[in-house]
Amino acid sequence: MMATACSTSSSLIVFRVLPLFLLLSEAFLRAHGAGMGINYGQIANNLPSPSKVVGLLQSLNVSKVKLYDADPNVLLAFANTNVEFIIGIGNEYLQSVPDAAKAQAWIETHVKPYIGRTKITCITVGNEVVAGNDTQLVNNLVPAMQSVYKALVNLGLDKQVTVTTAHSLNILATSYPPSAGSFRPDLAEVIQPLLSFHSQTGYPFLINAYPFFAYKGSPGEVSLDYALFGSNNQGMTDPVTNLHYDNMLYAQVDAVYTAIKAMGHSNIEVKVSETGWPSKGDADEVGATPQNAGLYNGNLFKRVQARQGTPAKPSVPIDVHVFALFNENMKPGPASERNYGLFYPDGSPVYNIGFHGANYLPEDTDIAYTSASGINGFPLFSLIVFLVAYLMCL
């Protein structure tokens with residue numbers, strides 16, 4: 001009688017938990033694959049809540065997210081998910097953050113309360129400041145980065161959280177061929193101390209690189225296939241290094257490495273904080289189509305998953321955050337600015353690159369997020385063992 005009751009009970013439990021077991025097994029397998037970073041912009045009035053975005057990103061095996069601020073709603077929603085976050089100090093703070101006390105206060109408010117549960121790994125101080133026209137912002141940038149770094153040191157977080165800033169490729173005077181890469185001479189006064197900061201701390205140098213801009217500017221001269229990582233292009237061979245490039249993004253990254261080396265530094269890693277391709281644009285935005293966007297991001301994902309390095313740095317897997325998660329309907333500028341998203345706000349994909357979207361969990365769901373660490377921090381391995389035990393009881 002007891003055996004019968006046990007079998008019946010076990011069958012019911014197995015029926016209910018088997019789908020979860022399969023889900024956890026899949027999550028476990030995917031968690032050990034190469035992750036793709038993504039930019040989570042929020043300049044829109046129709047985006048889902050952060051708690052719903054958690055389900056979407058985890059269904060896509062996205063393990064790295066970049067914010068442009070330090071939104072507490074996002075940081076709390078992603079607690080215990082093991083997703084790595086880059087958070088941002090906006091340009092509007094660069095006037096005050098060079099002050100040590102204000103930098104300390106910012107870290108105490110925006111980092112310290114969350115870092116125990118949410119995996120904050122990097123802080124970007126400003127965005128595309130150096131190539132901008134605001135001299136005060138440019139002059140405040142390095143002091144602001146130094147103050148934020150000192151605040152992290154004071155809290156013992158400098159090994160856990162890096163400090164950097166993101167640059168547009170407009171900081172380069174020359175980018176072609178990659179061996180001729182150089183920074184603009186008029187920016188040398190700020191770039192040299194900036195590179196010294198990176199060299200001393202070991203923190204990465206971030207660039208926002210968009211082959212789309214090059215193609216849009218000269219569609220008759222730039223090969224679309226070369227810009228899209230296509231296989232039907234001859235690419236280019238650098239006449240100095242004899243290195244062959246089959247795509248523009250890698251050539252842009254190596255041009256930055258060359259520019260850094262020309263300034264006397266060889267120990268700074270370059271990472272791509274933004275890249276992407278719009279699915280729609282204005283009439284003069286040549287190449288902004290869903291097909292091209294799908295090819296660019298799909299081909300890029302394959303490179304990242306293969307842990308491929310650039311020709312000049314073959315042993316250093318390229319580190320990329322794609323722009324962007326959603327189409328953002330309130331972004332100013334040309335139509336392309338509102339159409340870089342991989343997804344519409346309802347979670348459906350803008351184009352097909354192997355993603356199928358995700359069903360958002362209801363706001364009041366009791367189902368916890370799954371991650372490499374398990375559910376609500378409970379070890380995934382233990383959960384699987386528990387479920388296997390029930391299966392064996394049949």
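I began at the start of helix α9, where N247 caps the N-terminal end: a side-chain oxygen of N247 lies 3.2 Å from the backbone nitrogen of L249. A polar contact here is a pair of N or O atoms within 3.5 Å; within protein, one must be able to donate a hydrogen and the other to accept it, and residues adjacent in sequence count only if both atoms are side-chain atoms. Helices (H or I, at least four residues) and strands (E, at least two) are DSSP runs, numbered from the N terminus.

I noted that this is a predicted model, where local features need pLDDT of at least 70, side-chain atom pairs count only at pLDDT 80 or more, and totals for chains, interfaces and linings use all residues. Residues are numbered from 1 along each chain as its sequence is written, and side-chain values use heavy atoms, without hydrogens and water.

Next I checked burial in α9. I found 12 of its 15 residues buried, so the rest of the structure largely encloses α9. Buried means under 20% relative accessible area, exposed over 50%, partly exposed in between (1.4 Å probe, protein chains only). Among the buried ones are Y250 and I260. After α9 comes G264, with a positive phi near 95°.

Then I turned to strand β11 (residues 270-275). Five of its six residues are buried. Four bridges join β11 to the parallel strand β8. Two strands pair if DSSP finds at least two bridges between them. F205 stands opposite V270 in β11.

Last, I looked up D319, in the loop between α10 and β12. D319 is buried, at 19% relative accessible area.
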